[in-house]
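Hello,

Here is the structure I promised to pass on to you. Have a look at it first, and then read on for what turned up when I went through it.

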Amino acid sequence: MRVTGIVLLGVVVAGLVVRLVAALRPGRDTGRSTDHRLGRSGSDTIPLAGRSNAGKQAPIGLFRQGVRTAPQESATTDLVAQAEETEVAVKEPSIIASPNRALALTVGTLLAIWGVLGFFFAGDAGHAFFGDKGGMLWDSFSVNPALAFLWTILAAAFFIVGLGNTIGSRNVNRFVGVVLVVLAVYGFVFSGTSANVFALNTTDNVFNAIVGVVLLLTGLGADRQNIRALRASNA
């Protein structure tokens with residue numbers, strides 16, 4: 001069973017690394033002006049800075065060619081163009097187009113599995129809610145009810161924001177990333193002592209540290225263009 005737990009941890013780590021690399025690679029050239037930022041190009045949200053001014057430029061081009069355009073027709077064209085631009089700008093990026101939303105749902109699913117199973121393994125062993133002893137999940141992860149509860153609560157938060165919006169997902173990814181990194185450091189420092197109230201072992205600490213770092217890097221580096229467009233459209 002210990003080998004199974006190590007293999008499972010390896011698969012989780014590999015999956016998170018692939019997700020991180022995909023989120024941090026430069027956006028593809030979409031044919032319009034864009035900066036090489038961290039994160040994917042938000043195909044569902046057109047940045048306000050790169051939007052077309054076709055409605056305003058068309059009448060000017062016509063005048064330069066010596067063709068007269070009725071004022072009412074020009075004003076109508078402007079209004080239609082502005083309405084279309086506004087509608088596109090405020091469209092929330094899909095889960096596929098937003099690395100932060102996709103990662104939130106991925107990690108949420110992972111923590112939900114760990115948390116729910118953790119309750120069974122910790123409960124069967126009869127361990128205290130807070131204590132330095134816990135049950136063994138896949139013979140590798142040490143879990144007590146407090147740690148299982150924490151993982152489950154974090155999973156619920158990820159599902160809420162991942163199914164909601166990009167800005168909320170980014171903020172929660174940053175916050176939970178900090179929490180998990182601090183939890184990993186706490187586990188490494190107090191492992192084997194009575195202060196280890198989450199019954200953390202080395203496997204728990206490595207798992208929390210890797211997931212926390214991936215969340216932090218994605219929350220800090222991805223979706224910049226998507227969020228810039230959403231905020232500008234709401235200004």
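Let me start with proline 145, which is buried, its relative accessible area being 12%. This proline belongs to helix α5. Leaving out residues up to four places away in sequence, proline 145 touches Phe119, Ala122, His127, Ala128 and Phe129. For one of these, phenylalanine 129, the C-alpha atom is 4.9 Å from that of proline 145, although 16 residues separate the two along the chain.

Before going further, please keep in mind that this is a predicted model.

Now for the overall picture. The chain is built from eight helices and two strands. Read from the N terminus, the order is α-α-α-α-β-β-α-α-α-α, so you can see the two strands sitting between two runs of helices. There are 235 residues in the chain, and 40% of them count as buried. If you take the contacts between residues at least 6 apart in sequence, 71% of them join residues at least 24 apart. The chain exposes about 12300 Å², with carbon and sulfur atoms supplying 65% of that area.

How do α5 and α6 run relative to each other, parallel or antiparallel? The axes of α5 (residues 145–162) and α6 (residues 166–190) come within 9 Å and cross at roughly 165°. An angle over 145 degrees counts as roughly antiparallel, which makes α5 roughly antiparallel to α6. Their crossing is left-handed. On the α5 side, the contact is made by Leu147, Leu150, Leu154, Phe158, Val161 and Gly162. On the α6 side, the residues are Gly168, Ser169, Val172, Asn173, Val176, Leu180 and Leu183. By type, the residues of this contact are nine nonpolar and four polar, with no charged ones.

From α6, the contact takes in Arg170, Asn173, Arg174, Val176, Gly177, Val178, Leu180, Val181, Leu183, Ala184, Gly187 and Phe188. From α7, the residues are Thr202, Asn205, Val206, Asn208, Ala209, Val211, Gly212, Val213, Leu215, Leu216, Gly219 and Leu220. The contact of α6 with α7 divides into 14 nonpolar, eight polar and two charged residues.

Setting aside residues within four places in sequence, threonine 166 is in contact with Glu92, Pro93, Ser98, Asn100, Arg101, Asp223 and Ile227.

Aspartate 223 has a positive phi of about 70°, although it is not a glycine. Where does aspartate 223 sit? Its place is in the loop between α7 and α8 (224–234). Aspartate 223 is also buried, with a relative accessible area of 0%.

Tryptophan 138 has a positive phi as well, near 55°, and is likewise a residue other than glycine. You will find tryptophan 138 in the loop between β1 (135–137) and β2 (141–143). Is tryptophan 138 buried or exposed? With a relative accessible area of 17%, tryptophan 138 is buried, because the cut-off for that class is under 20%.

Terms used:
Residues are numbered from 1 along each chain as its sequence is written. This is a predicted model: local features need pLDDT of at least 70, side-chain atom pairs count only at pLDDT 80 or more; totals for chains, interfaces and linings use all residues. Side-chain values use heavy atoms; hydrogens and water are left out. Helices (H or I, at least four residues) and strands (E, at least two) are DSSP runs, numbered from the N terminus. Buried means under 20% relative accessible area, exposed over 50%, partly exposed in between (1.4 Å probe, protein chains only). Contact means heavy atoms within 4.5 Å. Accessible areas come from the Shrake-Rupley method with a 1.4 Å probe; for residues, only the protein chains shown count as cover. Axes are lines fitted to C-alpha atoms, for helices over the stretch in contact, and angles run from 0 to 180 degrees between N-to-C directions. Angles under 35 degrees count as roughly parallel, over 145 as roughly antiparallel, 65 to 115 as roughly perpendicular and the rest as oblique. A crossing is left-handed if the near helix is turned anticlockwise from the far one by less than a right angle, and right-handed if clockwise. Ala, Val, Leu, Ile, Met, Phe, Trp, Tyr, Cys and Pro count as nonpolar, Asp, Glu, Lys and Arg as charged, and the others, Gly among them, as polar.
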